[in-house]
Amino acid sequence: MGKRSVTVRVARWSALHPGRAVIGWLVFVVLCLGGGMAAGMNSATSEDFRVGEAGRAEALATGGGVQLRPTEQVLIRAESGPLDEAAADAAVKDITARMKSLPEVASVAAPVKSADGRVLRVPVELNGSEQEDQESVPPLRAQTEEAAKAHPDLVIEETGDASVSKGVDDQRDKDLQFSEAITLPATLITLALVFGSVVMVGVPLLLAVTSIMATMGLAMLASHLLPDTGVGMSMILLIGMAVGVDYTLFYLKREREERARAGGRLTSEALVEAAAATAGRAIVVSGLAVIVSTTALFLARDVIFDSLATGTILVVAVAVVSSVTVLPALLVKLGRRTERRAAKRLAQGKPVRGTYGEKKPGRAWNVLLAPARNRPALTLCLSVLVMLGLALPALNMNLKNPARDSFSRDIEAMKGYDRLLDAFPEQRVRHLVVVRAEASRAADVRQALTDLDRGAKSDPLFSHLSGAPLLRSSEDRRTTTLELNAPHPTYSEKAEESLDHLRDDYIPGTVGKLPGVETAVTGEVPRGTDYVEHQNQKLPLVLGFLLLMTFAMTVFAFRSVVLGLLGIVLNLLSAASALGLLVLVFQGKWAEELLSFISLGGISSRVPLFLFVILFGLSMDYQVFVVSRIREAALNGVPTRQAVIQGISSSAKVVTSAAIVMVTVFASFVMLHILEMKQMGFVLAAAVLLDAVVIRIMILPSALLLLGRATWWPSRAIRRAEERVSDRYGTRHGAYETYGAQEVPEAPEVPQTTDERPLSGHWAEPRTARRG
């Protein structure tokens, strides 16, 4: 008996000690969750988000204490009609006094009246930075509500960056709860259709949920090394439920097949070990592929992608561990119960039902696979053309950084934000010009910035506000800032044009002429623009690493360069088609009401890179599972053409079921309010659906049938297996080939030749027989 892999040895121990394995898993989950809660979550700070020129400007401004601070706006207006000035003045004094008494407030500016005189706004500047402002919101909003009660004849409300950020986070939490409420029932229904057993439905869900719980604790611990940005937990839920259920499905499917093949001759322990030698190995390889591909996100050198990668890697690793450790124990527990029931029925003289018998693929699967089996060349060409057609809109993809204007209007602060911009349109965009120079040049810097302000105010791209320039200087007079406003949506072309004019024309023509000065521009628009540029610069590196790792993992798993190259092509095809659908739906405005979003006129800059990385990893689930079945048959001497048909047919149901679960999880995110999460959910759902249906049922089998034995190049293991069967049975290889729609006889079964054989001996005896 050859040396068994670690996967098989772990499964064997778990099968022999199911009670210890289950208890050990529960202890692990509790320790992870408890340790994480004790350590707490370490959230990213403003310094972690700095990128490009905007990040450099923020560092300069923060060093001088003149950075852009979060500003809340308290709006005062009449319910209808003109504003009563006396009542408004009293309200302003009350609000100013209330806000100044709060430690979270840095200053309260004089009230500003709208152009039509119907609205007053009171700017309240907070301490801290723009990225660290949410904790300051509740005390301010409480004072605003008290002021509103004290002045019932007026409408007093509060909005601003801090209020909007707090509202977005609160909405995200509610959205995740909503997603869970949709995902769990859909997953239950899918699993019930696959297994037809309430008990078997509970196993995948139990492992997925406990894996997510353990990962959340580990993520809290990991945040002290890589700060959390608020998206990590969302990703743990999104990926955890999908891969957790998928891995369990693959294992359960194989265990049922082994049980049906054994016909009661093997015990549950032996069946579990047999499943571990095939499905268990596939799960480990698949999980490693996801983990390795996800590490590509770290190359982006971005705190958000770091957080996404950390959450994904942790939850996939925990899901793999649960599948190869505690799952065998649970299956043995369930198998022993089935054996006891069977023994009891036999003792009573009653027939034993084949509870776990596996049905052959039905007529529907034969119909779906018929085009690839009968006309592989035509099917391949037509399917590829369809995928390329879906990918065409991606050529016009316009990357944008999601901004405040795209947030859902279900957030109360966003409704106030809209009313603020109606009365004060210049408040849409704030550009902050930061200049660093020697203190002796302070007067020259201020004069140059004054000239810049004068020129910008004559430009229609900027707001034409009267009054002195909004200049601020540090205490050491080395850092000076100028704030400029623009009345355009933050993601609009005009907002970006105003930034380009500022950086390319006004600064070089004024303060940029001064010798020995350092200049930079920041603000929401500069941050977004620089972020997109940063992503575009990192994309070739990340994609190159991703392609290399995907190729290497496929060659490692199947010892085939051809399969490695084919896997890359198919993954690129899936990703491109999904991106094309994403652009078609989200870049225009026709689907805004249907899916409840405000179009950016583009796609969130993080979505394409995230799609490539996650899809390349997740698609390995299907590729490893399907091709493993094909290779297993080929290693047993079945000619490649016949092995392809058998492997695709036998795995079609479970692959499609796993895809349904994954698509359901991803699609639930389309119903969330946050645009970026909508886009991520949509594109992943589309990619997985296309991958499972078009790629795995049409393109992959067609390509493999056309390639034939060349599929396994340069490995000679398949050729040797076919020759061994031919020599043993005296049968020509050609007798097993498939041509057109002709039915092909199955090749004779031969013993397993791998080192991962199930145990024989006393485990080969059914438990019922030993007790009989």
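Reader: Which residues form the negative surface patch?

Author: This is a predicted model, where local features need pLDDT of at least 70, side-chain atom pairs count only at pLDDT 80 or more, and totals for chains, interfaces and linings use all residues. Residues are numbered from 1 along each chain as its sequence is written, and side-chain values use heavy atoms, with hydrogens and water left out. The negative patch here is made of Glu493, Glu497, Asp500, Asp504 and Asp505.

Reader: Is Asp504 buried or exposed?

Author: Asp504 sits in helix α16, residues 493-509; helices are DSSP runs of H or I, at least four residues. Buried means under 20% relative accessible area, exposed over 50%, and partly exposed in between, with a 1.4 Å probe and protein chains only. Because its relative accessibility is 53%, Asp504 counts as exposed.

Reader: What is the relative accessible area of Arg559?

Author: Look in the loop between α17 (524-558) and α18 (561-586) for Arg559. It's not a glycine, yet Arg559 has a positive phi of about 55°. Arg559 is partly exposed, because its relative accessible area is 43%.

Reader: And Ser596, what is its phi?

Author: Ser596 belongs to the loop between α19 (592-595) and β11 (603-604); strands are E runs of at least two residues. Ser596 isn't a glycine either, but its phi is positive, at about 55°.

Reader: Where is omega near 10°?

Author: Go to the loop between α22 (675-707) and α23 (717-729), where you'll find Pro714. The peptide bond with that omega is cis, and it runs from Trp713 to Pro714.

Notes. Patches are made of residues with over 30% relative accessible area and no salt bridge: like charges are joined within 9 Å, nonpolar side chains (Val, Leu, Ile, Met, Phe, Trp, Tyr) within 5 Å. Accessible areas come from the Shrake-Rupley method with a 1.4 Å probe; for residues, only the protein chains shown count as cover. A salt bridge is a side-chain nitrogen of Lys or Arg within 4 Å of a carboxyl oxygen of Asp or Glu. Lys and Arg count as positive and Asp and Glu as negative; His and the chain ends are not counted. The place of a charge is taken as NZ of Lys, CZ of Arg, CG of Asp or CD of Glu.
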